[in-house]
Amino acid sequence: MKKFIHAVEFDLKTNNWYAALALSLTFPDVCGRLEAPDEAVGKRYVKWYDRFMLAKYSMNNGPHNHVFLSGQDCYLLRCTYLHEGGGSIVGKSKAVLDHFHFISPPGNNRTYHKIQRDKVLLLQVDVFCRDMVEGVKEWERLTATDPDIILRKSELLKIHDASGSFSI
């Protein structure tokens with residue numbers, strides 16, 4: 001997972017927002033599969049997101065709890081972005097939101113994140129990606145000694161250095 005995390009962090013440093021977002025949106029897929037490979041993809045994605053991200057994307061305001069980004073809506077965003085390049089989930093099953101607007105960091109130590117108007121959610125791409133990275137790091141701390149997860153991690157894609165030794 002460290003190589004995936006480093007890739008997102010590098011993309012954020014180099015303002016490669018689209019790549020950082022794409023990889024960040026796959027984290028719940030990867031972690032979910034490592035933990036529960038036999039569970040349906042959407043179910044394990046939402047389950048992982050709800051465990052490691054939902055608290056960051058909810059606001060408890062007295063007797064009311066407002067969810068800015070649910071696990072289901074994040075999964076639908078992941079599907080539409082990774083499969084179609086889109087940011088709209090209008091008409092998708094079980095969607096609460098309709099559109100996502102991602103913005104780059106505005107500078108001057110300002111943050112515009114988790115701003116919702118009707119069914120449109122504005123997210124600052126670097127903050128969202130860093131939140132996902134933190135979710136993965138927390139997940140790794142909790143699963144670090146699980147032998148099944150350790151074994152499945154060894155099966156993750158590796159990009160080998162062509163200048164070093166490698167075998168096919």
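The expected span of a helix is 1.5 Å times one less than its number of residues. Helices (H or I, at least four residues) and strands (E, at least two) are DSSP runs, numbered from the N terminus. The model is predicted: local features need pLDDT of at least 70, side-chain atom pairs count only at pLDDT 80 or more, and totals for chains, interfaces and linings use all residues. Residues are numbered from 1 along each chain as its sequence is written, and side-chain values use heavy atoms, without hydrogens and water.

Helix 5 (residues 125-143) has 19 residues. From first to last C-alpha it reaches 27 Å, close to the 27 Å expected. Its buried residues (under 20% relative accessible area, 1.4 Å probe, protein chains only) include F128, M132, V136 and W139. D126, D131 and E140 are also among them.

The axes of helix 2 (residues 17-35) and helix 3 (residues 41-52) come within 8 Å and cross at roughly 105°. Axes are lines fitted to C-alpha atoms over the stretch in contact, with angles from 0 to 180 degrees between N-to-C directions. Helix 2 is therefore roughly perpendicular to helix 3 (65 to 115 degrees). In this contact (heavy atoms within 4.5 Å), helix 2 contributes L25, P28, D29, C31, G32, R33 and E35. Helix 3 contributes V41, R44, Y45, W48 and R51. The contact residues divide into six nonpolar, one polar and five charged, with Gly counted as polar, Tyr, Cys and Pro as nonpolar, and Asp, Glu, Lys and Arg as charged.

S58 lies in strand 1 (residues 58-61). S58 is buried, at 18% relative accessible area. Its side chain reaches the backbone oxygen of L54 at 2.8 Å. Beyond four places in sequence, S58 touches N65, H66, V67 and F68.

Definitions and conventions. Angles under 35 degrees count as roughly parallel, over 145 as roughly antiparallel, 65 to 115 as roughly perpendicular and the rest as oblique. Buried means under 20% relative accessible area, exposed over 50%, partly exposed in between (1.4 Å probe, protein chains only). A polar contact is a pair of N or O atoms within 3.5 Å; within protein, one must be able to donate a hydrogen and the other to accept it, and residues adjacent in sequence count only if both atoms are side-chain atoms.
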